[in-house]
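Have the viewer open as you read.

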Amino acid sequence: MNMVSTDLLKRLGLFSDLTDDQLARIASLCREEVHDKDDVIVREKEPSTELYIIQEGSAQVMLGSPSLPGPTPIVHLGKGQIFGEVALVDQGLRSATVKAVANGTKLYVINRDDFIALCDQDPHIGYIVMRNIAADLSFKLRHYNLTWR
Amino acid sequence: MIYQVSYVVVGGGHPGTIMNQEERPEVGERVEFADQEFEIVEVLEIIPPRGDFAYLHATCRPVEGSE
């Protein structure tokens, strides 16, 4: 497994305010995935165990509807954005489908159980990351509200 | 400073995008996402910056002929 650079993690809002030592511990949990255009990364209503961070490329978040034949795009996510965080918070099924929309879309992937175990060892990491996840969800909600105002 | 920018397309019907960038978006600039070009018409700082991160919402409109 390639070691993710802490310098790269520092540039991600999810890990804002973590120390270098804490970032190194997070880095040890990350693995890289690379996806081509139209690869489905997560599928709505499937069980979830992982959080994804877009390092390069972009992804499209889509929601299904019983009244429409196919899923509807609700937002594109680019560099530095996260998805899959809802399942990290509530352990529920995936709330949306996400697919890569650019070849070579590079992701960092963190397993939920590994992250929770790290938080048990260092609750301050858990507080900081969960606070940052809450802020990210808030930002996405504001984006959604502004889109449909 | 790293800017987390929410690009909102006027008129609805387009989901827009959220991405990090190293330069602050400015009104009049053009930006490309979802294989289309847009012109920025408004930039809002709704949330105060925190540490090395600033959070902006940029309203934009499609550039004609860019689809």
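In which strand of chain A does A:I74 lie? A:I74 belongs to strand 5, residues 72-77 of chain A, strands being DSSP runs of E with at least two residues, numbered from the N terminus. Before going further, note that this is a predicted model, where local features need pLDDT of at least 70, side-chain atom pairs count only at pLDDT 80 or more, and totals for chains, interfaces and linings use all residues. Residues are numbered from 1 along each chain as its sequence is written, while chains are lettered from A and ligands numbered from 1 in the order in which they are written.

Leaving out residues up to four places away in sequence, A:I74 touches A:V61, A:M62, A:L63, A:A96 and, from chain B, B:P15; contact here means C-beta atoms within 7 Å.

Now to the nonpolar cores, sets of buried Ala, Val, Leu, Ile, Met, Phe, Trp, Tyr and Cys residues joined through C-beta atoms within 7 Å. The largest has 32 residues, and A:F15, A:Y52 and A:I53 are among those with the most contacts inside it. Strand 3 of chain A (residues 50-56) supplies the largest share of this core, 4 residues. Another core, of 7 residues, lies apart from it and includes B:V8 and B:C60.

Finally, the predictor gives the complex an ipTM of 0.87 and a pTM of 0.88.

Note on methods:
A residue is buried if 20 or more other C-beta atoms lie within 10 Å of its own, exposed if 12 or fewer, and partly exposed in between; C-beta atoms are placed from the backbone. Two residues are in contact if their C-beta atoms, placed from the backbone, lie within 7 Å.
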